[in-house]
Amino acid sequence: MPDVVSDGGTLRAVAEQFAAGTGPVAVDAERASGFKYSQRAYLVQLRREGAGTALVDPIPLGSDLSDLAPALTGPEWVLHAASQDLACLAEVGLTPTRLFDTELAGRLAGLPRVGLGPMVEQLLGLTLEKGHGAADWSRRPLPQDWLVYAALDVEVLVALRDHLAALLAEQGKLEWAHQEFEAVRTAGPPAPRAEPWRRTSGIHKLRKPRQLAAVRALWEARDRLAAERDIAPGRVLPDAAVVDAATRAPESAAALAAMPVFRGRSQRRLTSYWWAALSSAARLDATDLPSAATPSDGPPPVSRWADRDPDAAARLTAARAAVAGIGTQWQIPVENLLQPDLLRRLCWTPPEDGDITGFLRAGGARQWQAELLAPALEQALTARP
């Protein structure tokens with residue numbers, strides 16, 4: 001086990017070691033999701049042939065690991081579920097120029113379980129000691145068993161990559177995988193959601209616009225406080241308490257403070273803060289209340305297609321069956337063949353020029369997906385009720 005890198009001099013020495021290494025670089029990062037509001041990296045793990053393993057603590061380094069960037073620019077990075085870590089790695093100054101995602105590779109290879117542990121066990125015959133993935137990695141000092149767990153995540157990642165690459169090549173899918181990896185690498189951060197408060201757990205129980213306004217007000221107040229304190233929103237106020245307050249609509253701050261969760265010691269100090277949010281929602285004009293339905297620029301819910309456009313419903317049924325058949329044939333999960341939203345858009349409003357491949361590519365599908373699916377989807381779009 002290497003010592004944790006926590007100063008600039010040691011970081012530069014590690015950079016020299018990795019620059020002198022050979023082959024791909026295994027990369028992983030640990031965040032404090034569920035504990036902190038931010039998604040910053042609290043530990044970065046690296047491993048390369050000839051360089052060994054490095055555990056880097058970005059916090060004492062000011063979350064700036066750019067001294068490592070030259071050594072890591074050029075070699076292929078190997079990550080598991082890369083989309084989860086690329087953003088926090090970019091925040092510390094590290095971005096890949098080439099990528100291999102073992103989790104995504106496992107999906108394309110048709111493996112039944114694509115977690116890191118199960119794949120290492122299936123393909124390498126090793127069992128990884130797990131147990132700290134959901135830990136609060138902002139804790140200092142980091143316990144030794146946590147560091148062992150973190151080092152194990154990159155210990156055999158390159159060996160796993162080699163097995164998966166060979167398997168994909170054997171199945172004729174390696175080029176498909178490279179297209180997928182490049183799409184992940186270049187995707188960038190997701191666009192902000194228009195109304196993120198609508199993802200509050202349990203909000204489906206509410207139908208009245210005034211109740212939804214209360215959820216929105218409490219969610220936004222909680223989000224501001226969570227960002228200010230860098231605490232996960234659910235630890236500031238649980239979703240269940242937000243929905244409960246919106247449902248009961250207490251008539252006073254005292255009534256709010258008497259409710260479950262809100263009557264707890266930490267929440268009682270915030271009674272006036274939460275009451276102000278609820279009061280602001282209660283004073284809104286009817287024209288300022290949120291709609292009961294989630295705004296969308298896409299097709300209507302599929303449950304309404306049969307009534308609104310029977311032809312579109314028939315097209316979707318046929319298209320889904322076609323995609324499922326191709327997924328079975330190639331042993332690829334349907335969700336990795338085509339985004340469900342793109343398939344619905346295609347079936348609701350097929351392109352007037354009949355260019356299915358162009359439609360799919362414009363919607364974000366990779367070239368391999370468009371070429372594989374277009375002929376079957378073209379046939380499916382001729383289906384009638």
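Let's start with the aromatic residues of this predicted model: Trp137, Trp146 and Tyr149 are linked by ring pairs into a cluster. In total, the structure holds seven aromatic pairs. Two of the pairs are set out here.

| Ring pair | Distance of centres | Angle of planes | Geometry |
|---|---|---|---|
| Phenylalanine 100 and phenylalanine 181 | 4.7 Å | 50° | tilted |
| Tyrosine 273 and tryptophan 274 | 5.2 Å | 65° | edge-to-face |

The phenylalanine pair links distant parts of the chain, since phenylalanine 100 lies in strand 6 and phenylalanine 181 in helix 8, 81 residues apart. Phenylalanine 100 is buried at 0% relative accessibility, and phenylalanine 181 is buried too, at 1%. In the other pair, tryptophan 274 is buried at 0% relative accessibility, whereas tyrosine 273 is partly exposed at 28%.

Six strands form an open sheet with mixed pairing, in the order 1-4-3-2-5-6. Strand 1 (4-5) and strand 6 (99-101) are at the edges and have a single partner strand each, so one side of each has no neighbour in the sheet. Strand 3 (residues 43-49) and strand 4 (residues 52-56) run antiparallel and are joined by five bridges; arginine 48 stands opposite glycine 52 of strand 4. Helix 6 (residues 144-155) packs on the sheet, where it touches strands 1, 2, 3 and 4, and its direction makes about 40° with that of strand 3.

Finally, how do helix 8 and helix 20 meet? The axes of helix 8 (residues 174-186) and helix 20 (residues 367-380) come within 8 Å and cross at roughly 125°, so the two helices are oblique to each other. Helix 8 contributes Trp176, Gln179 and Glu180 to the contact, and helix 20 contributes Gln367, Trp368, Gln369 and Leu372. By class, three of these residues are nonpolar, three polar and one charged.

Methods: Residues numbered from 1 in each chain as written. Predicted model: local features only at pLDDT ≥ 70, side-chain atom pairs only at ≥ 80, totals over all residues. Heavy atoms only, no water. Axes fitted to C-alpha atoms, helices over the stretch in contact; angles between N-to-C directions. Helix = DSSP H or I, 4+ residues; strand = E, 2+ residues; numbered from the N terminus. Parallel < 35°, antiparallel > 145°, perpendicular 65-115°, else oblique. Contact = heavy atoms within 4.5 Å. Nonpolar A, V, L, I, M, F, W, Y, C, P; charged D, E, K, R; others polar. Pairing = 2+ DSSP bridges. Phe/Tyr/Trp six-rings, centres within 6.5 Å; stacked < 30°, edge-to-face > 60°. Buried < 20%, exposed > 50% of the residue type's maximum accessible area, 1.4 Å probe, protein only.
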